[in-house]
Amino acid sequence: MEPRARAGKNVGKMNFAHNELAQLLYGDGDVKAPLPETVRVLDEIVTDFIQGVSFEATRAAHHAGRQKVKFEDFEFAMRRNPRYMGKIQEVFEKKKEIEAARKNFNIDDQLVRETNAEEKQAKQASAKDGGAKNGSAGEGGSKGGSAAGGAARGVKRPRPTEEELDEGDDDLDAEADIGTATKKRG
């Protein structure tokens, strides 16, 4: 079956948006607001081109014994025009790069989530251990108004900052590397 035999249903109506085709024409050197007849002619040309290439790709898939059309079928249909062939291959290479980047991004994102969950669990475990030790010492050897006694009674203590966690020296090392360290904190 020839592709023109199926084209009867598209006669007289636009298959692409007017603005898209006008932008395509403008990108190729036409005026910003092209004539409606020009846009209609471009719509017919693009529709015929896509139908023809799709028909050739379908024919190649049918010849190979498949019902589904694959990328290789479009490559086969475009084999006689190296510019189109190169552009198609470039688009599919970019698609593969984007998929690989998304996969890496998702893996990195998952690792960050897992690390955050582990850190949260470690903080909770250290808070429980520290609260039990401080709470028992606070009850026996100090007055009831101590901070340790407050932590044992369920009053939230402020979270320790990075400096309290003995990571301040990391900042000094980083500043020394770039030459902005002014004085040593200790």
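**Helix H3 and its surroundings**

Helix H3 is followed by Gly 65, a residue with a positive phi, near 85°. The model is predicted.

**Helix H3**
- H3 has 28 residues and reaches 40 Å from its first C-alpha to its last, close to the 40 Å expected at 1.5 Å a residue.
- Buried residues in H3 include Val 39, Leu 42, Thr 47, Gly 52 and Val 53.
- Ala 57, Ala 60 and Ala 61 are also among the buried residues of H3.

**H2 against H3**
- Two packed helices are described by the angle between their axes and the distance between the axes.
- The axes of helix H2 (residues 18–27) and H3 cross at roughly 95° and come within 10 Å.
- H2 is therefore roughly perpendicular to H3.
- On the H2 side, the contact is made by His 18, Leu 21, Leu 24 and Leu 25.
- On the H3 side, it is made by Thr 38, Val 39, Leu 42 and Asp 43.

**Asp 43**
- Asp 43 lies in H3, which spans residues 36–63.
- Asp 43 is buried but has no salt bridge.
- The nearest side chain of opposite charge is that of Arg 40, 8.3 Å away.
- Leaving out residues up to four places away in sequence, Asp 43 touches Lys 13, Met 14, Asn 15, Phe 16 and Leu 21.

**Phe 92**
- Phe 92 is found in helix H5 (residues 82–141).
- Phe 92 counts as partly exposed because its relative accessibility is 32%.
- Phe 92 and Phe 71 are 21 residues apart in sequence, and their C-alpha atoms are 8.9 Å apart in space.

Definitions and conventions:
Residues numbered from 1 in each chain as written. Predicted model: local features only at pLDDT ≥ 70, side-chain atom pairs only at ≥ 80, totals over all residues. Heavy atoms only, no water. Helix = DSSP H or I, 4+ residues; strand = E, 2+ residues; numbered from the N terminus. Buried < 20%, exposed > 50% of the residue type's maximum accessible area, 1.4 Å probe, protein only. Lys, Arg positive; Asp, Glu negative; His and termini not counted. Salt bridge = Lys/Arg side-chain N within 4 Å of Asp/Glu carboxyl O. Contact = heavy atoms within 4.5 Å. Expected span 1.5 Å × (residues − 1). Axes fitted to C-alpha atoms, helices over the stretch in contact; angles between N-to-C directions. Parallel < 35°, antiparallel > 145°, perpendicular 65-115°, else oblique.
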